[in-house]
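The sequence and the model come next.

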Amino acid sequence: MKKIFPVLEKVNNAIVLAFNDGFAKYAAVLIQSMLKYSSESHYYDIIILNTCISEENKAGLSSIVE
C-alpha cells in the first residue's frame with residue numbers, strides 16, 4: 001500500500017475524494033466551491049483516490065487548483 005504524505009508543511013484539513021469519470025464534473029464543482037468559500041487562515045490538502053479518471057479530467061481538475 002502506498003503511503004500518502006501531505007503536500008504542504010502545515011495541513012489543518014485533509015479532504016479525501018474518491019470518484020470516477022462519471023463524477024469528475026461534480027468533484028470539480030466541489031473543489032471550486034471549497035476554494036471560493038474556505039477560510040484563508042486554514043490549509044487544505046485535497047487527496048483524490050482514483051482508478052478510472054481520464055487524463056483529460058485529471059488535467060481539468062489540476063487546472064482548477066493551480
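A nonpolar core is a set of buried Ala, Val, Leu, Ile, Met, Phe, Trp, Tyr and Cys residues joined through side-chain atoms within 4.5 Å. Buried means under 20% relative accessible area, exposed means over 50%, and partly exposed lies in between (1.4 Å probe, protein chains only). The model is predicted: local features need pLDDT of at least 70, side-chain atom pairs count only at pLDDT 80 or more, and totals for chains, interfaces and linings use all residues. Residues are numbered from 1 along each chain as its sequence is written, and side-chain values use heavy atoms, with hydrogens and water left out.

**Core**

The largest nonpolar core consists of eight residues, namely Leu17, Phe19, Ala24, Ala27, Ala28, Ile31, Ile53 and Leu61. Helix H1 (residues 24–37) is the main contributor to this core, giving four residues. Beyond its neighbours within four places in sequence, isoleucine 31 is in contact (heavy atoms within 4.5 Å) with Leu17, Ile46, Ile48, Leu61, Ile64 and Val65.

**Overall layout**

The protein chain has two helices and two strands, in the order β-α-β-α from the N terminus. Helices (H or I, at least four residues) and strands (E, at least two) are DSSP runs, numbered from the N terminus. The C-alpha trace spans about 30 × 30 × 15 Å along its principal axes. Among contacts with a separation of 6 or more, 84% are between residues 24 or more positions apart. Of the 66 residues, 17% count as buried.

**Surface**

The protein chain exposes about 5500 Å², of which carbon and sulfur atoms supply 56%. Accessible areas come from the Shrake-Rupley method with a 1.4 Å probe, and for residues only the protein chains shown count as cover.

| Residue | Relative accessible area |
|---|---|
| Valine 16 | 51% |
| Glutamate 9 | 89% |
| Phenylalanine 23 | 51% |

Valine 16 belongs to strand E1 (residues 13–18). Glutamate 9 sits in the segment before E1; between glutamate 9 and tyrosine 43, 34 residues apart in sequence, the C-alpha to C-alpha distance is 9.4 Å.

**Aromatic pair**

One aromatic pair is found in the whole structure. The ring centres of phenylalanine 23 and tyrosine 26 are 6.1 Å apart and the planes stand at 55°, so the pair is tilted. Rings of Phe, Tyr and Trp (its six-membered ring) pair if their centres lie within 6.5 Å; planes under 30 degrees apart count as stacked, over 60 as edge-to-face and the rest as tilted.
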